[in-house]
Amino acid sequence: MKEETLSSALTFVSAGFMAVFSLAPFLYMFATSFNASPDYLTGGFNFTLANYKDVLGVKSLHFLDYLRNSLIVSFVSSVVTVLLASLAAYAITRLEMKGKAAILLFVLAVSMFPQVSLIGYLFRVMTELDLINTYTALVLPYIAWILPLALWILVSYFTQIPKELDRAAVIDGCSKWQVLFKVLLPVSLPGIFSTALLSFIFAFNEFIFALMLTTDYQSRTIPVGIALFQGLHGETPWGQIMAASTLTTLPILLFTLLFQRHIVQGLTRGAVKG
Amino acid sequence: MKIHINGVQKTYSTLRKKTEVLKNINITVEDREFFVLLGPSGCGKSTLLNIIAGLEPMTGGELRFGDRLVASVNKKDFVQPKERNVAMVFQNYALYPHLTVFENIAFPLRIARAGAEEIKSGVEKSAEILKISGHLQSKPAELSGGERQRVAIARAIVRRPDVLLFDEPLSNLDAQLRTATRVELKKLQRELGITTVYVTHDQVEAMTLGDRVAVLKDGLVQQLDTAIGLYERPANRFVAQFIGFPQINLFETEVKNGAFSLCGTDFPAPAQAPSGPVWAGIRPSDLELNDAGPLSGRVDTIELLGRDAVLYVSCGQLEFAILSERKDFREGDAVKFSLKQGKAHCFPR
């Protein structure tokens, strides 16, 4: 009994600490976004909605343009990434092929290049291809950048699905493509959704590529957009930045809640004895 | 559908070594037969089943369904599983977890692009035969192990396959359910009249289900016979030991002048027994308590089986297991017993 109390107390304390630690910046952001004083810590709290009105209403801030750009770029990147990653993961986990481990390790190695080391080269390539300040300039590197992670997640997910399921499908008359689309993908839907969501978040938050490869509101994404917010008189407009940041977290929050049902584990329960 | 397995071999090669899983398998499964492949784990029985199903290629020999060649060493002879019209039931059920029971059973028909009416009537009929009509809208996760295995069997028979394959389908069920399902499976196969190949490591399943049983070990058929044939005329020491409960008594001895000796008593050897060193095999049921002897010993242990008991009786260096209807013995009791006429087996040593 005593041990249980201790362990639940420990759980509570550590979980509480983690929650406070990671949520505190958000709380600060949230509070500042509703504050009329420029600096919340020294200026006191005066409630206002002006920051939100500015962010959504002032055309020159281009907040909604940035948001639109981000959503489009992140959506396309994550969909293409997951599509490619599931095909690759299927091949690696299910088809007879030499050098599977080598491929996985190679992909992992590629993903270890720091972004900064790529950016100069990328800038030149995109300039040559005349793609600077287009969605394509962001989508292509994002796919390449996120693909290794997505592949690793999906490979480990597919590995958990018993091979008897494939065999049953083959016996039931499925071709290799049908095995993938009628059995493996539907069964791994939770894994695919979480991978897609993760890819989306990665692309949505990406900063350096977006900073270098876009030049204005026509394709600039929101992290860069917010960072480059200018106050009317040259000061840093904290209130508007915080309001914009708060609004930016909404789509991610929304997606997570929306797909939560699909992300929950255990859909494979019942496939085999369990 | 008659299945001809002619000289089938299977070798797995890795860089380091070659493993011969099937060495030279020759079996003909008769039309409508319930055929059992029996053997310990690693004997190659599941590999053989996969080769029949078309899930694995072979590295030697050929496989025919009736007159039709469905696989050989030649890759171009390989007929895909769906064109072989086989169905398979797996040990772990392998149901599609994202589909309802109805859709699981309907799956082979949908892949074959059957019409909606055909699917509905086919699924309902299979479900009725397997007594799972009440679960059609459930997901596999909501079913018990026994129900899941029924769904798997329903899915297998819905397409009216020419050949039904079972890969240890009862191993995951608890003992009571296993026995009940075994009986139903036998009945079902009789009613459907589909040629069936059934893989198991359980000799009781093999004996009760199989019209004929092939005992496999080390990639070779040790013996192919009816269940009773395996029990009464085991071809070698392995089969004799593998089949029958309680296990056969085996003693090292020698055949001289048509007789072998145990505990100082001579017994006539079977007519076809080789001369020289042998294993003498005597089933516990072929030994009977007999006040006239000639064998005698002391009871070491008694195992109660219900109607019968197994007495472990030591006689000099040897220990005999004796199946006895009398159970009123205590450890240390002296007993006399004899061997039923003509029931001894001799295997070269």
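**Entry 1: cysteines**

I looked up Cys174(A) and found it buried, with a relative accessible area of 7%. Buried means under 20% relative accessible area, exposed over 50%, and partly exposed in between (1.4 Å probe, protein chains only). I noted that this is a predicted model, where local features need pLDDT of at least 70 and side-chain atom pairs count only at pLDDT 80 or more, while totals for chains, interfaces and linings use all residues. Residues are numbered from 1 along each chain as its sequence is written, chains are lettered from A and ligands numbered from 1 in the order in which they are written, and side-chain values use heavy atoms, with hydrogens and water left out.

I then looked for disulfides, a disulfide being a pair of cysteine sulfur atoms within 2.5 Å. The partners are Cys263(B) and Cys315(B), with 2.2 Å between their sulfur atoms. Cys263(B) sits in the loop between strand 12 (259-262) and strand 13 (265-268) of chain B, and Cys315(B) in strand 17 (residues 309-315) of chain B, so the pair ties together parts 52 residues apart in sequence. Helices (H or I, at least four residues) and strands (E, at least two) are DSSP runs, numbered from the N terminus.

**Entry 2: a sheet in chain B**

I traced an open sheet of five strands in chain B, in the order 15-19-16-17-18, with antiparallel pairing. Two strands pair if DSSP finds at least two bridges between them. Strand 15 (287-289) and strand 18 (318-324) of chain B are at the edges with a single partner strand each, so one side of each has no neighbour in the sheet. From one strand to the next, the twist averages 45°.

How many bridges join strand 16 (residues 295-304) of chain B to strand 17 of chain B? I found six, and the two strands run antiparallel. I also noted that Glu303(B) has Val310(B), in strand 17 of chain B, as its bridge partner.

**Entry 3: two helices in chain A**

I checked which residues of helix 5 of chain A meet helix 7 of chain A, contact meaning heavy atoms within 4.5 Å. Leu104(A), Leu105(A), Val107(A) and Leu108(A) in helix 5 meet Pro148(A), Leu151(A), Trp152(A) and Val155(A) in helix 7.

Key. Axes fitted to C-alpha atoms, helices over the stretch in contact; angles between N-to-C directions.
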